[in-house]
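Subject: Structure for your review

Dear colleague,

Please find below the structure that I am handing over to you.

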Amino acid sequence: MRRDPAVSRFEAGRLSPSRRDADLSRLRLERFDVLVIGGGVTGVGAALDAASRGLSVALVEAADLAAGTSSRSSKLIHGGLRYLEQLEFGLVHEALRERGLLATRLAPHLVRPLPILVPLEASVPPVRLWNRLYFGAGVALYDAFAGLVGGDRGMPPHRHLSRTGTRRLFPSLREDLVTGAIRYYDGQVDDARYVATMARTAASLGAAVVPSARVVGLVRDAREVTGAVVRDQETGVQFTVAARTVVAATGVWSNEISALVGAKRPGLRVRASKGVHLVVPRSAITGDAGLILRTQSSVLFVLPWGGHWIIGTTDTDWTLDRAHPAASSRDITYLLEQVNHWLDRPVSPADIEGVYAGLRPLLSGEDEETSKLSREHAVVEPMLGLMLVAGGKYTTYRVMAADVIDRAARRLGPGIPRSHTDQLPLLGADGYQPMWTNRADLARRHGVPVGVVEHLLERYGTLTLELLDLVASRPYLGRPVDGAPEYLGAEIVYAASHEGALHLEDALTRRTRISIETDHRGAESARHAAELMSSVLGWDKVTRDREVEHYLARVAAERESQRMPDDLTADAARLGAPEVRGATAAPSPG
Ligand SMILES: Cc1cc2nc3c(=O)[nH]c(=O)nc-3n(C[C@H](O)[C@H](O)[C@H](O)COP(=O)(O)OP(=O)(O)OC[C@H]3O[C@@H](n4cnc5c(N)ncnc54)[C@H](O)[C@@H]3O)c2cc1C
């Protein structure tokens, strides 16, 4: 289905409840060139890549867009400074090229430069000099890979800082421990918002995008995969989707997809490594840059995140529930110990506002420990018509997407154009820079504070106009969400009306980050947000109450798990909260 030229791109990319119904009907009726399984950054990237080549595309996501790993990362668009030490020059170079593209052309509204300090430890003079030379050379190489000249690098160059300069920029760093620092830049992104925006971009090019739709089986015709059996998680109805190629971008669930076809040699296996992050208020640490700190096995980031800091991460094997990896008290203690080693005033457990855990989809097969497993990605075709893509990292999703769609294109026949997503800005990017420059004017014209317009522009780009229109038509939506002064009521309504949010947790956890940015973890916002979503999703009181109950149960279970000593007990506590998806749906054939 091609977009009707009479419909604007914004409108065509609107993931509304009625669009979901229409896309569900298409899933039953059409035979797609490409059916993508998985609505994380890789799957949505693949859907966009295929749609922009003119292919007919459907994407199904079992839960919410970015509900898996793609909402739980460190939120860096980076080359990976530490991979230089492992001599992974090719990977670093590729990722830095992507970083430049995302920050300048594809999504300047969503990816922004973030200064990060490499602190240099105080030591005897020769070691001190060696450290500065060693890390200085690393950071210089990093900048060189990004391209020293030209506007496309998207990030300012690095700079050496003296002890005084470091102290001025980061007063909370322990003075006795640090003799100076090197400041470099990487990109920062709201990972879940990026995925939702990209899904809308794919939808604007005609892709059917259906969250809450789980693949429960694959359809085979002799030796070929020709489609999938999909269960609508909202109604329990099952039906078949016909497709000439099926792309599974299911991250840490990849082995399940291989198992569905019973492939004897799946071609790739994925193992999960858990990474936990803490969120603390900005006031807990005084500094105007992020930090990259060495730990025994890896690195720890301390990153400014709006009015907060994100501290992470851990890196441990995880074999328990993959939908809700749980952080234990051991993980939290470890992170606090690591960060407090460097700070003059320790961060205490009482400072913690939010905690989140994610699972790295690591290609397995090697013998190394998980923290050293290859970050490269792989595309395999374990059965004709079925392509699996996994591994890699968020930053390089576009490369993974192009690789897997190239593979699908080979099967679909000649005449399919090459990937050109490097030339395709996401919705909200076109016209962003001038709108940012003129933000004061925009604020004045809409009668809202400049701060509100800035907040919106950095989350929606030029789509901000749609939110301002919402506020103009219903002024009460210009007021903050209860318990979350950083967010407007309009954002919750918009999440449901334009961004495919179907449940309260989608809006509180991924379209906004209220669940990790408030010490009540969204509990005090739940009722208000549910009322706002009701107007779009047609919830009656019973549904509203159920949504709120589920959300509160989830928050309670997460808190409980974080008091548990280890993975096993934390996982058991987290599983105490029932799933909101599928809670009312009885399975039935469609
Ligand atoms: C702690 C941590 C920090 C990280 N930090 C960074 C970083 O700063 N920068 C960076 O570049 N990378 C980072 N990464 C890596 C990056 O986040 C991941 O590589 C990336 O998000 C993986 O995306 P994905 O789409 O492959 O998987 P996912 O996001 O997990 O998506 C897979 C999707 O498939 C869906 N699915 C599964 N089974 C089915 C089914 N049967 N039917 C339908 N849908 C299904 C799932 O619900 C899920 O949404 C980090 C990872 C972790 C864990």
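The notes below describe a strand, several aromatic rings and a set of salt bridges.

This is a predicted model, in which local features need pLDDT of at least 70 and side-chain atom pairs count only at pLDDT 80 or more, while totals for chains, interfaces and linings use all residues. Residues are numbered from 1 along each chain as its sequence is written, and side-chain values use heavy atoms, with hydrogens and water left out.

Strand S16

Helices (H or I, at least four residues) and strands (E, at least two) are DSSP runs, numbered from the N terminus. A residue is called buried under 20% relative accessible area, exposed over 50% and partly exposed in between (1.4 Å probe, protein chains only). Two strands pair if DSSP finds at least two bridges between them; S16 and strand S11 (residues 270-281) pair in the antiparallel sense over 10 bridges. Within this pairing, Leu 278 stands opposite Val 355.

Aromatic rings

Rings of Phe, Tyr and Trp (its six-membered ring) pair if their centres lie within 6.5 Å; planes under 30 degrees apart count as stacked, over 60 as edge-to-face and the rest as tilted. The structure holds 9 aromatic pairs. One of them joins Tyr 134 and Phe 135, whose ring centres are 5.3 Å apart with planes at 80 degrees, so this pair is edge-to-face. Another edge-to-face pair is formed by Tyr 194 and Tyr 397, at 5.7 Å centre to centre and 65 degrees between the planes. Tyr 194 lies in helix H8 (residues 191-204) and Tyr 397 in helix H11 (residues 397-412), so the pair ties together parts that are 203 residues apart in sequence. Both of these tyrosines, Tyr 194 and Tyr 397, are buried.

Trp 130, Tyr 134 and Phe 135 form one aromatic cluster. Trp 130, in helix H6 (residues 125-146), is exposed, with a relative accessible area of 53%. Tyr 134 counts as partly exposed at 34% relative accessibility.

Salt bridges

A salt bridge is a side-chain nitrogen of Lys or Arg within 4 Å of a carboxyl oxygen of Asp or Glu. A search of the whole structure finds 42 salt bridges. Which residue meets Asp 64 in a salt bridge? The partner is Arg 510, at 2.6 Å from N to O. Asp 64 lies in the loop between strand S2 (57-60) and strand S3 (76-77), and Arg 510 in helix H17 (residues 504-511), 446 residues apart. Both Asp 64 and Arg 510 are buried.

Arg 510 also forms a salt bridge with Asp 506, the closest N and O atoms being 3.0 Å apart. These two residues, Arg 510 and Asp 506, are 4 residues apart in helix H17 and so are separated by about one helical turn. Asp 506 counts as buried, at 0% relative accessibility. Asp 64, Asp 506 and Arg 510 belong to a network of salt bridges that also includes Glu 505 and Arg 511.

Yours sincerely
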